[in-house]
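Please look over the structure shown below, and keep it in view while reading the notes that follow.

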Amino acid sequence: MSTAIAKLLGADGPLAQALPGFAPRQTQQAMADAVEQAIAERSTLLVEAGTGTGKTFAYLLPALQSGRKVLIATGTRALQDQLFHRDLPTLQRALGLSVHTALLKGRANYLCHHRLERVAAGDFGGDLALHPVLAAVQGFAGRSPDGDLDALEELSPQSSLRPFVTSNADNCLGQDCPDIGDCFLLKARRAAQQADLVVVNHHLFFADLALKESGFGEVLPDADVFIFDEAHLLPEVATMFFGTSLGSFQLADLARDLLAEAAQLGDVPELPPRAQALSQAAAGVNAALGDPPRREPWPLRPIAVFTDALAAVRQALADLSASLEALSGRSSGLDNCQERVALLAARLAPFLTDAQADQVRWIDVRQRSCTLHASPVDVAPLFNERFPRHARACVFTSGTLAVAGQFDHFVQRLGLGDARTLALPGSFDYQTRALLYLPGDLPEPSDPGYTEALVAAALPVLRASRGRAFMLFTSHSALRRAATRLRSCDEFTLLVQGERPNSELLAQFRRAPAPLLLGTGSFWQGVDVRGEALSCVIVDKLPFASPGEPIVAGRIAYLRREGGDPFNDYQLPQAVITLKQGLGRLIRDAGDRGVLMVGDRRLRAKGYGRVFLKSLPDMPITHDLADVQRFFDAPAFEPAAP
Ligand code: SF4
């Protein structure tokens, strides 16, 4: 181990002196050492760092000291902010460093002066309810140093005003913009180009790779060192960005912008009818797919009404292309629309021909719009082609990368066969601080009465833990059934995903007496409730992705065609990672204690159950409810003395 790293992260090092509560950890030092080596060798390193390793400092420290250009990509914007506003300054202060750092988010996070002016001129339908929010945005525009809308509480990410005061690649005027001198987005991108260490998120990283591929310019600076935190999320993000998609809302937006441009010019009478034809064609696609909201595979046999609707879109785009060609150069707004017409026509093309063997086509139907997707089933070749790693140091890290100690699954998903791997156990004592409860008498998960039986088995556990629990479900229907059963029970403050925004549910969870949160999807990972506030996690079933999900189904079919083993190579490891993420919600700090209950009897009855158990931290397992009661009766769970 490098003595310099050991000293910096050691008991007498600058971090121990500067940070109250800093505990030197061998695993942290081992990780920092491996990262330092990967940077020096310009090689690829995969690190699974169990909870409590202190992995953020373990990669930041060698990155800051490397003297190289570094790009760090996190899984979420919240983590980006935490890294940039908290961890980096803390570390720089403690080490006496002054590395030039920058934070860069996706363009939808930055206030766009140009679009704000248009909104202020009444270009957003004039929804009165949004006027106070608009006033807040205008005030923010005048005082914000960076235009990062995450700092503006009044404008939630879901606000319908948000798309009107931010730009997207389609409607940004770029060099032709009259407000380019004050543009927050361009300033942030310029700062990123000049910084020595840039913090981005996975979405921005992959959006940039996709952008480079399409020849639309580069947003992110190149770097010598790339560090991906929460790297287990990368394959799915890559799938999203390496695919092609076309949303009916994009067509409708274009039609609306064309009408606005035509009204402004006043002498292009041929344009409005063609813009309206596009708007109607977009509505036709929505109507052809109808209700309810759903994600479904592409129809195997052509459905006349759907193919006709797509043909109408193609025709409307072709007509507009001809009109705009003749008007080329009349205004920057029209020229921008012309580019968008070409772009959307290119995106439509793959949906008008037969599917490629390495793609899965599917449809996402929402309340008032739909999106057509063509997603790659295997992102590894695309990732390696678009992100060559030779001559670059790359670190992929997460609390959950390995399955039963092996990295094969992650390596195969991203094509990282040349990587060095390092699995570091978490520093928490799961033997004394956690208990895995597997109730012995639940029916098969496929049994129609399973969810009701699970709730009945969970109730005594929830009473013992006095709520303070997450119940995590693998499907919305199971979540709803459990919610129905639990609503009559007044012992807990019941919080149900979907009934309020997730952030509100979490805030209430932290405050409410005996809270019980029922969640699925996003609550399995990335949620951080520390201390006794969360003392129990109950998992309904082993979290295998639904084979009815279009991308999952496409990937299974593809692996089968290729002679692979979809279950062992894809479905099982994916489910193991998700279960590890679920458990990760429970023990967040060295002082945390808690019970993980898994209702699914397959964990014990099936051979593959051993793969799950081998992948979880080493902790006591019980089938006896009395052990759960004893665990919660232990002194650590007694209410603190006043
Ligand atoms: S350049 Fe684009 S993002 Fe910047 S102010 Fe103009 S339209 Fe908005």
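In what order do the 7 strands of the open sheet stand? In this predicted model, the order is β3-β4-β2-β5-β10-β1-β11, and the pairing between the strands is parallel. The notes below begin with this sheet and then turn to the protein as a whole.

**The open sheet**

- The edges of the sheet are held by β3, which covers residues 101-103, and β11, which covers residues 420-424; each has a single partner strand, so one side of each is left without a neighbour in the sheet.
- From one strand to the next, the twist averages 15 degrees.
- Strand β1, made of residues 44-49, runs parallel to β11 and is joined to β11 by 5 bridges.
- Within this part of the sheet, Leu45 stands opposite Arg420, a residue of β11.

**The protein as a whole**

- The protein contains 26 helices and 18 strands.
- Its radius of gyration is 26 Å, close to the 26 Å that the globule rule gives for 642 residues, and therefore the protein is as compact as a globular protein of that length.
- Taken along the principal axes, the box that the C-alpha atoms fill is roughly 80 × 60 × 55 Å.

**Contacts and surface**

- When contacts between residues at least 6 apart in sequence are considered, 77% of them join residues that are at least 24 apart.
- Of the 642 residues, 52% count as buried.
- The protein exposes about 28100 Å², and carbon and sulfur atoms supply 52% of that area.

Note on methods
Residues numbered from 1 in each chain as written. Predicted model: local features only at pLDDT ≥ 70, side-chain atom pairs only at ≥ 80, totals over all residues. Heavy atoms only, no water. Pairing = 2+ DSSP bridges. Helix = DSSP H or I, 4+ residues; strand = E, 2+ residues; numbered from the N terminus. Axes fitted to C-alpha atoms, helices over the stretch in contact; angles between N-to-C directions. Rg over C-alpha atoms; globule rule 2.2 N^0.38 Å. Buried < 20%, exposed > 50% of the residue type's maximum accessible area, 1.4 Å probe, protein only. Contact = heavy atoms within 4.5 Å. Areas by Shrake-Rupley, 256 points an atom, 1.4 Å probe, with all protein chains shown as cover.
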